[in-house]
Amino acid sequence: MFCILSIATIAGISTATARAESSNNQAAMNVNIKLFTFKPKALEVPVGTTVVWTNGDAVDHTVTNGTPDKPGAAFDSGLFNLGKTFSFTFAQPGEYNYYCKKHDFMRGTVKVSPAKN
Ligand SMILES: [Cu+2]
(Lines give C-alpha, C1' and ligand atoms only; values in the text may rest on other atoms or scores of the structure.)
Protein backbone atom coordinates (compact mmCIF):
# COMPACT_ATOMS: atom_id res chain seq x y z
CA MET A 1 0.00 0.00 0.00
CA PHE A 2 2.80 2.36 0.90
CA CYS A 3 4.47 1.78 -2.46
CA ILE A 4 1.31 2.53 -4.42
CA LEU A 5 0.81 5.80 -2.55
CA SER A 6 4.44 6.80 -3.15
CA ILE A 7 4.16 6.23 -6.91
CA ALA A 8 0.96 8.26 -7.03
CA THR A 9 2.68 11.11 -5.20
CA ILE A 10 5.67 11.08 -7.54
CA ALA A 11 3.39 11.03 -10.61
CA GLY A 12 1.46 13.99 -9.17
CA ILE A 13 4.63 16.01 -8.71
CA SER A 14 5.96 15.36 -12.21
CA THR A 15 2.61 16.35 -13.78
CA ALA A 16 2.65 19.64 -11.88
CA THR A 17 6.21 20.32 -13.04
CA ALA A 18 5.35 19.70 -16.69
CA ARG A 19 2.43 22.13 -16.47
CA ALA A 20 4.61 24.82 -14.92
CA GLU A 21 7.12 24.48 -17.75
CA SER A 22 4.55 24.57 -20.52
CA SER A 23 2.99 27.78 -19.15
CA ASN A 24 6.40 29.46 -19.17
CA ASN A 25 6.60 31.61 -22.29
CA GLN A 26 10.41 31.57 -22.27
CA ALA A 27 10.49 27.80 -22.87
CA ALA A 28 12.31 26.36 -25.85
CA MET A 29 11.44 23.19 -27.72
CA ASN A 30 13.79 21.18 -29.87
CA VAL A 31 13.22 19.49 -33.21
CA ASN A 32 15.93 17.23 -34.56
CA ILE A 33 16.40 16.75 -38.27
CA LYS A 34 17.65 13.23 -38.83
CA LEU A 35 17.50 10.93 -41.86
CA PHE A 36 15.42 13.49 -43.79
CA THR A 37 12.78 13.60 -41.05
CA PHE A 38 11.71 16.26 -38.57
CA LYS A 39 11.49 14.73 -35.10
CA PRO A 40 8.99 15.23 -33.64
CA LYS A 41 7.09 15.80 -36.88
CA ALA A 42 4.18 17.45 -35.06
CA LEU A 43 4.80 19.79 -32.16
CA GLU A 44 2.33 21.58 -29.91
CA VAL A 45 3.56 24.57 -27.91
CA PRO A 46 2.15 27.57 -26.05
CA VAL A 47 2.49 31.00 -27.69
CA GLY A 48 5.85 32.63 -27.06
CA THR A 49 7.79 29.37 -27.38
CA THR A 50 11.06 29.32 -29.28
CA VAL A 51 11.50 26.22 -31.40
CA VAL A 52 15.07 25.21 -32.23
CA TRP A 53 15.72 22.90 -35.17
CA THR A 54 19.09 21.11 -35.26
CA ASN A 55 20.36 19.53 -38.45
CA GLY A 56 21.67 16.06 -37.69
CA ASP A 57 22.20 15.11 -41.34
CA ALA A 58 25.35 15.63 -43.40
CA VAL A 59 23.08 17.28 -45.98
CA ASP A 60 21.75 20.85 -46.09
CA HIS A 61 18.11 21.35 -45.16
CA THR A 62 15.75 24.27 -44.72
CA VAL A 63 12.91 24.91 -42.30
CA THR A 64 10.45 26.84 -44.44
CA ASN A 65 6.96 27.91 -43.43
CA GLY A 66 4.04 26.60 -45.50
CA THR A 67 3.93 23.79 -48.05
CA PRO A 68 5.90 23.45 -51.32
CA ASP A 69 2.90 24.60 -53.39
CA LYS A 70 1.97 27.34 -50.93
CA PRO A 71 4.98 28.74 -49.04
CA GLY A 72 4.21 30.88 -46.02
CA ALA A 73 5.83 34.10 -44.88
CA ALA A 74 6.35 33.42 -41.17
CA PHE A 75 9.84 31.92 -41.34
CA ASP A 76 12.44 30.49 -43.70
CA SER A 77 15.79 29.32 -42.39
CA GLY A 78 17.57 29.08 -45.72
CA LEU A 79 19.94 26.12 -46.10
CA PHE A 80 21.81 25.08 -42.99
CA ASN A 81 24.13 22.13 -42.56
CA LEU A 82 25.19 19.44 -40.11
CA GLY A 83 25.30 20.55 -36.49
CA LYS A 84 23.81 23.98 -37.22
CA THR A 85 20.54 25.23 -35.76
CA PHE A 86 17.67 27.47 -36.78
CA SER A 87 15.34 28.95 -34.20
CA PHE A 88 12.04 30.79 -34.42
CA THR A 89 9.86 32.25 -31.68
CA PHE A 90 6.14 31.71 -32.23
CA ALA A 91 4.56 34.98 -31.09
CA GLN A 92 1.17 34.30 -32.75
CA PRO A 93 -1.12 31.32 -32.10
CA GLY A 94 -2.06 29.13 -35.05
CA GLU A 95 -1.12 26.05 -36.99
CA TYR A 96 2.13 26.35 -38.88
CA ASN A 97 3.07 23.87 -41.58
CA TYR A 98 6.67 23.77 -42.65
CA TYR A 99 8.86 21.82 -45.04
CA CYS A 100 12.37 21.56 -46.46
CA LYS A 101 12.86 23.43 -49.75
CA LYS A 102 15.49 20.97 -50.92
CA HIS A 103 13.52 17.81 -50.05
CA ASP A 104 9.85 18.70 -50.28
CA PHE A 105 8.74 15.36 -48.81
CA MET A 106 10.13 16.58 -45.48
CA ARG A 107 7.17 18.08 -43.64
CA GLY A 108 6.35 19.14 -40.11
CA THR A 109 3.83 21.15 -38.15
CA VAL A 110 3.91 23.40 -35.12
CA LYS A 111 0.59 24.05 -33.42
CA VAL A 112 0.79 27.16 -31.26
CA SER A 113 -1.89 27.48 -28.61
CA PRO A 114 -3.03 30.84 -27.18
CA ALA A 115 -1.79 31.99 -23.78
CA LYS A 116 -3.88 30.84 -20.84
CA ASN A 117 -5.52 33.50 -18.68
CU1 LIG B 1 16.07 18.77 -46.56
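The legends below describe several close-up views of one predicted protein model.

**Figure 1. Overview of the protein chain and its secondary structure.** The predicted model contains 1 helix and 9 strands, where helices (H or I, at least four residues) and strands (E, at least two) are DSSP runs numbered from the N terminus. Read from the N terminus, the elements follow the order α-β-β-β-β-β-β-β-β-β. Of the 117 residues in the protein chain, 18% are buried, a residue being called buried if 20 or more other C-beta atoms lie within 10 Å of its own, exposed if 12 or fewer do, and partly exposed in between, with C-beta atoms placed from the backbone. Two residues are in contact if their C-beta atoms, placed from the backbone, lie within 7 Å, and among contacts between residues at least 6 apart in sequence, 49% join residues at least 24 apart. Residues are numbered from 1 along each chain as its sequence is written. Because the model is predicted, local features need pLDDT of at least 70 and side-chain atom pairs count only at pLDDT 80 or more, whereas totals for chains, interfaces and linings use all residues.

**Figure 2. The open sheet of 4 strands.** The strands stand in the order β2-β1-β4-β7 with mixed pairing, two strands being paired if DSSP finds at least two bridges between them. Strands β2 (37–39) and β7 (85–89) are at the edges and have a single partner strand each, so one side of each is left without a neighbour in the sheet. From one strand to the next the twist averages 20°, taken between axes that are lines fitted to C-alpha atoms, for helices over the stretch in contact, with angles running from 0 to 180 degrees between N-to-C directions. Strand β1 (residues 28–34) pairs with β2 in the antiparallel sense over 3 bridges, and Asn 32 stands opposite Lys 39 in β2.

Figure 3. Met 29 counts as partly exposed because it has 18 C-beta neighbours inside 10 Å. Leaving aside neighbours within four places in sequence, Met 29 is in contact with Leu 43, Val 45, Thr 49 and Val 51. The C-alpha atoms of Met 29 and Val 45 are separated by 8.0 Å, although these residues are 16 residues apart along the chain.

**Figure 4. The open sheet of 5 strands.** Here the order is β3-β9-β8-β5-β6, and the pairing is again mixed. The edges are formed by β3 (42–46) and β6 (70–76), each with a single partner strand, so one side of each is left without a neighbour in the sheet. Neighbouring strands of this sheet are turned by 35° against each other on average, direction ignored. Strand β5 (residues 64–67) runs antiparallel to strand β8 (residues 94–99), joined by 2 bridges, with Thr 64 opposite Tyr 99 in β8. The antiparallel pairing of β8 with strand β9 (residues 107–113) extends over 6 bridges; Tyr 99 has Arg 107 as its bridge partner in β9, and Glu 95 has Lys 111.

**Figure 5. The largest nonpolar core, with 14 residues.** A nonpolar core is a set of buried Ala, Val, Leu, Ile, Met, Phe, Trp, Tyr and Cys residues joined through C-beta atoms within 7 Å. In this one, Val 51 and Trp 53 touch the most other members. Strands β1, β4 (50–55) and β8 each supply at least two residues of the core, and the largest share, 3 residues, comes from β8. Not counting residues up to four places away in sequence, Trp 53 touches Val 31, Ile 33, Val 63, Thr 85 and Phe 86.
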